[in-house]
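Let's take a walk through this fold together.

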Amino acid sequence: MFQTYDVVRAYLDPPLWASEVNFLQGKYGDRVVFEWPTYRIKPMHAALERLKTDIINPTSGLSFDADPDADIHYRNAVMRARAGQTYILGKPADNQKIDIVMSDALAHEAVNDAIAANDLGRRKTSQISTTFYKIG
């Protein structure tokens, strides 16, 4: 991905592949590659709420490419209530995947945090892109 795209910020969920995350941090820097554990309920809830809000808001600039796999993953995703009026994502059955939704949530957080930190000025290209959506 780093060879194909001009990555300014990547949020990666480290469980089971922390060594790979550390390798990427060493190669591209810890201002580009961040550990972003999805098991943290409050930050994950906030990220999901932000994504949901921007999906619903027609003026957010968020658009989707009609990927059929993404559609399946979004339909599979269910809210699992947690303490303090929060939720995380779950799947109805083990064989029903939601990975694209989780990837979208982390990518959405990363691009919005990069915008807030004015990190997009460090890009080599003007296009803002992730695997499943783009802003602006």
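Does Thr86 count as buried or exposed? With a relative accessibility of 11%, Thr86 counts as buried, where buried means under 20% relative accessible area, exposed means over 50%, and partly exposed is in between (1.4 Å probe, protein chains only).

A quick word on what you're looking at. This is a predicted model, in which local features need pLDDT of at least 70 and side-chain atom pairs count only at pLDDT 80 or more, while totals for chains, interfaces and linings use all residues. Residues are numbered from 1 along each chain as its sequence is written, and side-chain values use heavy atoms, with hydrogens and water left out.

Back to Thr86, which sits in strand β5 (residues 86-90). Helices (H or I, at least four residues) and strands (E, at least two) are DSSP runs, numbered from the N terminus. If you set aside the neighbours within four places in sequence, Thr86 is in contact (heavy atoms within 4.5 Å) with Ile41, His45, Arg80 and Ala81.

Now zoom out to the strand. Five of the five residues of β5 are buried, so the strand is largely enclosed by the rest of the structure. Thr86, Ile88 and Gly90 point one way from β5, while Tyr87 and Leu89 point the other way.

What does β5 pair with? Strand β4 (residues 78-82) is joined to β5 by five bridges, and the two run antiparallel; strands pair if DSSP finds at least two bridges between them. Within that pairing, Arg80 has Ile88 as its bridge partner in β5. β4 and β5 make a hairpin with three residues between them, and Gly84 in the turn has a positive phi of about 80°.

Next, the rings. Rings of Phe, Tyr and Trp (its six-membered ring) pair if their centres lie within 6.5 Å; planes under 30 degrees apart count as stacked, over 60 as edge-to-face and the rest as tilted. By this rule the count comes to four aromatic pairs. One of them is Tyr11 with Phe34, an edge-to-face pair at 5.4 Å centre to centre with 80° between the planes. Tyr11 lies in strand β1 (residues 10-12) and Phe34 in strand β2 (residues 33-35), so this pair ties together parts that are 23 residues apart in sequence. Tyr11 is buried, at a relative accessible area of 11%, whereas Phe34 is partly exposed at 24%.

Another edge-to-face pair is Phe64 with Tyr74, at 5.8 Å centre to centre and 85° between the planes. Here Phe64 belongs to strand β3 (residues 62-64) and Tyr74 to helix α3 (residues 68-76), so the pair links parts that are 10 residues apart in sequence. Phe64 is partly exposed at 39%, and Tyr74 is partly exposed at 25%.

Ring pairs also link Tyr11, Phe34 and Trp36 into a cluster. Over the ring of Trp36 sits the charged end of Arg40, 4.6 Å from the ring centre; a charge sits over a ring if NZ of Lys or CZ of Arg is within 6 Å of the ring centre and within 35 degrees of the ring normal.

Finally, the whole chain. There are four helices and six strands, in the order β-α-β-α-β-α-β-β-α-β along the sequence. Buried residues make up 35% of the 136 residues. Among contacts between residues at least 6 apart in sequence, 57% join residues at least 24 apart.
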